[in-house]
Amino acid sequence: MKKIEAIIKPFKLDDVREALAEVGVAGMTVSEVRGFGRQKGHTELYRGAEYNVDFLPKMKVEVVLPDSQVEQAIEAITKTAQTGKIGDGKIFVYDVQRVIRIRTGEENEDAV
């Protein structure tokens with residue numbers, strides 16, 4: 001099993017959620033996060049004063065999948081989250097050793 005973490009632009013969340021559902025992803029965790037990469041933030045004007053926004057708002061989508069679904073999920077995220085502009089985000093893929101559903105005690109793929 002693998003865990004996919006995707007950092008995406010907030011306005012792309014609904015598109016990514018729908019695309020993942022279409023490839024069979026049953027559940028996910030979504031968090032509002034802030035960060036920066038190469039774009040290094042930007043300057044905004046508020047009530048006539050300029051200030052730097054160092055950490056930009058992003059969404060983090062986390063899913064745990066059987067190995068057989070990983071490539072489809074990555075492709076779905078990439079296609080729907082891409083705008084072609086700086087700050088589109090990143091996808092991280094991790095190995096998952098074990099998953100346990102707390103309610104039933106089911107493990108691994110049965111728990112996902």
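Ile 4 stands opposite Val 93 in β6. β1 and β6 pair in the antiparallel sense over seven bridges. Two strands count as paired if DSSP finds at least two bridges between them. Strand and helix names follow DSSP runs, numbered from the N terminus: helices are H or I with at least four residues, strands E with at least two.

This is a predicted model, in which local features need pLDDT of at least 70 and side-chain atom pairs count only at pLDDT 80 or more, while totals for chains, interfaces and linings use all residues. Residues are numbered from 1 along each chain as its sequence is written, and side-chain values use heavy atoms, with hydrogens and water left out.

## The sheet

Four strands form an open sheet in the order β2-β5-β1-β6, with antiparallel pairing. Its edge strands are β2 and β6 (89-95), each of which pairs on one side only. From one strand to the next, the twist averages 20°. The table lists the pairings.

| Strand pair | Sense | Bridges |
|---|---|---|
| β1 and β5 | antiparallel | seven |
| β2 and β5 | antiparallel | seven |
| β1 and β6 | antiparallel | seven |

Glu 5 has Glu 62 of β5 as its bridge partner. Ser 31 is bridged to Lys 60, also of β5. Seven of the 10 residues of β5 are buried, so the strand is mostly covered. Buried means under 20% relative accessible area, exposed over 50%, and partly exposed in between, with a 1.4 Å probe and protein chains only. In a regular strand the side chains alternate between the two faces of the sheet.

Helix α2 lies across β1, β5 and β6 and runs at about 5° to β1. Axes are lines fitted to C-alpha atoms, for helices over the stretch in contact, and angles run from 0 to 180 degrees between N-to-C directions. Contact means heavy atoms within 4.5 Å.

Which residues of α1 (residues 13-22) are buried? They are Leu 13, Val 16, Ala 19 and Leu 20. Seen down the axis of α1, these buried residues fall within an arc of 130°, so they line one face of the helix. The arc is that of the directions from the helix axis to the C-beta atoms. An α-helix has 3.6 residues a turn, so residues three or four places apart point the same way. The cover over the buried residues of α1 includes β1 (2-8), β2 (29-35), β5 (56-65) and α2 (67-81). After α1 comes Gly 24, with a positive phi near 95°.

## The core

The largest nonpolar core has 18 residues. Such a core is a set of buried Ala, Val, Leu, Ile, Met, Phe, Trp, Tyr and Cys residues joined through side-chain atoms within 4.5 Å. The residues with the most contacts inside this core are Ile 4, Ile 8, Leu 20, Val 61, Val 63, Leu 65 and Ile 77. β1, α1, β5 and α2 each supply at least two of its residues. The largest share, six residues, comes from α2.

Ala 81 lies in helix α2. Is Ala 81 buried or exposed? Ala 81 is buried, with a relative accessible area of 6%. Ala 81 and Ile 8 are 73 residues apart in sequence, yet 6.4 Å apart in space, C-alpha to C-alpha. Beyond four places in sequence, Ala 81 touches Ile 8, Lys 12, Val 16 and Asp 88.

## The chain as a whole

The chain has two helices and six strands. Along the sequence they follow the pattern β-α-β-β-β-β-α-β. Of the 112 residues, 33% count as buried. Among contacts with a separation of 6 or more, 71% join residues 24 or more positions apart.

The radius of gyration is 17 Å, whereas a compact globule of 112 residues would have one near 13 Å. That radius is taken over C-alpha atoms, and the globule rule is 2.2 Å times the number of residues to the power 0.38. Along its principal axes, the C-alpha trace spans about 55 × 30 × 20 Å.

Asn 108 is found in the segment after β6. Its phi is near 55°, a positive value in a residue other than glycine. At 30% relative accessibility, Asn 108 counts as partly exposed.
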